[in-house]
Amino acid sequence: MGSKRDSNSAVKKVFEWIRKQSKKMKILLAVMAMLFSLVALKLMAKYHNHFFIASESIHAAGILVLIYKLTTKKTCSGLSLKSQELTAIYLAVRVVCSFNLEGDIHTLLDFATFLFTAWVIFMIRFNHVLWAFCVYLEAVSVMPQLRMMQNAKMIEPFTAHYVFALSMARFLACAHWIIQVYETGGRYLFLVGYGYLWFPMAVLAEIVQTFILVDFCYYYIKSFMQGQLIIRMPV
């Protein structure tokens, strides 16, 4: 424990010393560190081709991190679309050249990175549009089912349970968006002025969908409290 603390203290002192140096000194130290690293790699590595393979692999891993962010966070804030498009262009050219000249592991890695980059571009350009379209469509997808139940006047239990479960799912999703808007101080609702109409409209679609199902939930709970297995809808 003592030696570990001493080493951490020494590292902190080194970084503290570097931080106090002038800009020119920092540049000189950075150049010297790079040269030292190159010499060390030259002496340690037997096959220098592995450096390029590692470079391509790390690039692909970085793109996968972006895909994970876009998939889970549903936002492309801080990402440059132009940078991704330029990356896709040079990767496409390099894949063609590599395929014609060598056709080895580099071609495979470049092709994989190109596909990942193309997927990032697709998600930046169309992810929000497609996602918002799904929300809008989901808001009205239950309408035919409700219309059928109103025409039938009486609903058998399993169908009623399914629609009620769907109603609860929609209510919880709507609650999620409303709470998120509240916790951010309504920031998402002001994105319209910046050209981001999809988010406020998505929230509105969730609210509309919830209210569409409120009427059915009322008659479902009413029938359940009265001990009726068959739910009767109003004319």
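Modeller: One term is needed at the outset: helices are DSSP runs of H or I with at least four residues, strands are DSSP runs of E with at least two, and both are numbered from the N terminus. The model is predicted. By that count the chain has eight helices and two strands, in the order α-α-α-α-α-α-β-α-α-β from the N terminus on.

Biologist: What is the chain made of over residues 158–179, and how far apart are the end C-alpha atoms?

Modeller: Residues 158–179 are 100% helix and 0% strand, with the end C-alpha atoms 32 Å apart. An unreviewed UniProt entry lists this stretch as a "transmembrane region", along with 27–45, 113–137 and 199–221. That label comes from the record, and such annotations may be inferred rather than shown by experiment.

Biologist: How confident is the predictor, and where is confidence lowest and highest in the chain?

Modeller: The chain averages a pLDDT of 76, and 79% of the residues score at least 70. Strand β2 (residues 231–232) has the lowest mean, 68, and helix α4 (residues 81–101) the highest, 85. Where pLDDT is low, the predicted coordinates should not be read in detail.

Biologist: Why is the pair of W119 and F122 called stacked?

Modeller: Two rings pair if their centres lie within 6.5 Å, and planes under 30 degrees apart count as stacked. For W119 and F122 the centres are 5.3 Å apart and the planes are at 20 degrees, so the pair meets both limits and is stacked. The two residues are three apart in helix α5 (residues 105–141), which puts about one helical turn between them.

Biologist: Are W119 and F122 buried, exposed or partly exposed?

Modeller: Buried means under 20% relative accessible area and exposed means over 50%. W119 is at 42%, so it falls between the limits and counts as partly exposed. F122, at 32%, is also partly exposed.

Biologist: What makes the pair of F216 and Y220 tilted?

Modeller: Planes over 60 degrees apart would be edge-to-face, and tilted covers what lies between that and stacked. The planes of F216 and Y220 are at 40 degrees, with ring centres 6.0 Å apart, so the pair is tilted. These residues are four apart in helix α8, about one helical turn. F216 has a relative accessible area of 1% and is therefore buried. Y220, at 12%, is buried too. Ring pairs link F216 and Y220 with F164 into a cluster. The total for the model is three aromatic pairs.

Biologist: Which residues touch the most other members of the largest nonpolar core, and which element gives the most to this core?

Modeller: L146 and F216 touch the most other members of this core, which has 13 residues. Two or more residues come from each of α6 (143–152), α7 (157–183) and α8 (198–225). Helix α8 gives the most, with five. Setting aside neighbours within four places in sequence, L146 is in contact with V163, I212, L213 and F216. There is also a second, separate core of seven residues, including L66, I67, L70 and M123.

Biologist: How do you know that D110 and R94 form a salt bridge?

Modeller: The test is a side-chain nitrogen of Lys or Arg within 4 Å of a carboxyl oxygen of Asp or Glu. For D110 and R94 the N to O distance is 2.9 Å, and their side chains meet in a salt bridge. D110 is in helix α5 and R94 in helix α4, 16 residues apart, and the pair links distant parts of the chain. At 2% relative accessibility D110 counts as buried, while R94, at 29%, counts as partly exposed. The count for the model is one salt bridge.

Biologist: Why is T113 called buried, and what is T113 in contact with?

Modeller: T113 has a relative accessible area of 1%, which is under the 20% limit, so it is buried. T113 is found in helix α5. Apart from neighbours within four places in sequence, its contacts are E56, H59, A60, I63 and L91.

Biologist: What makes I58 exposed?

Modeller: I58 is at 61% relative accessibility, over the 50% limit, so it counts as exposed. I58 is found in helix α3 (residues 49–73). From I58 to T113 is 55 residues in sequence and 9.8 Å in space, C-alpha to C-alpha.

Biologist: How much of the chain counts as buried?

Modeller: Of its 235 residues, 26% count as buried.

Key
Residues numbered from 1 in each chain as written. Predicted model: local features only at pLDDT ≥ 70, side-chain atom pairs only at ≥ 80, totals over all residues. Heavy atoms only, no water. Core = buried A, V, L, I, M, F, W, Y, C linked by side-chain atoms within 4.5 Å. Buried < 20%, exposed > 50% of the residue type's maximum accessible area, 1.4 Å probe, protein only. Contact = heavy atoms within 4.5 Å. pLDDT = per-residue confidence, 0-100.
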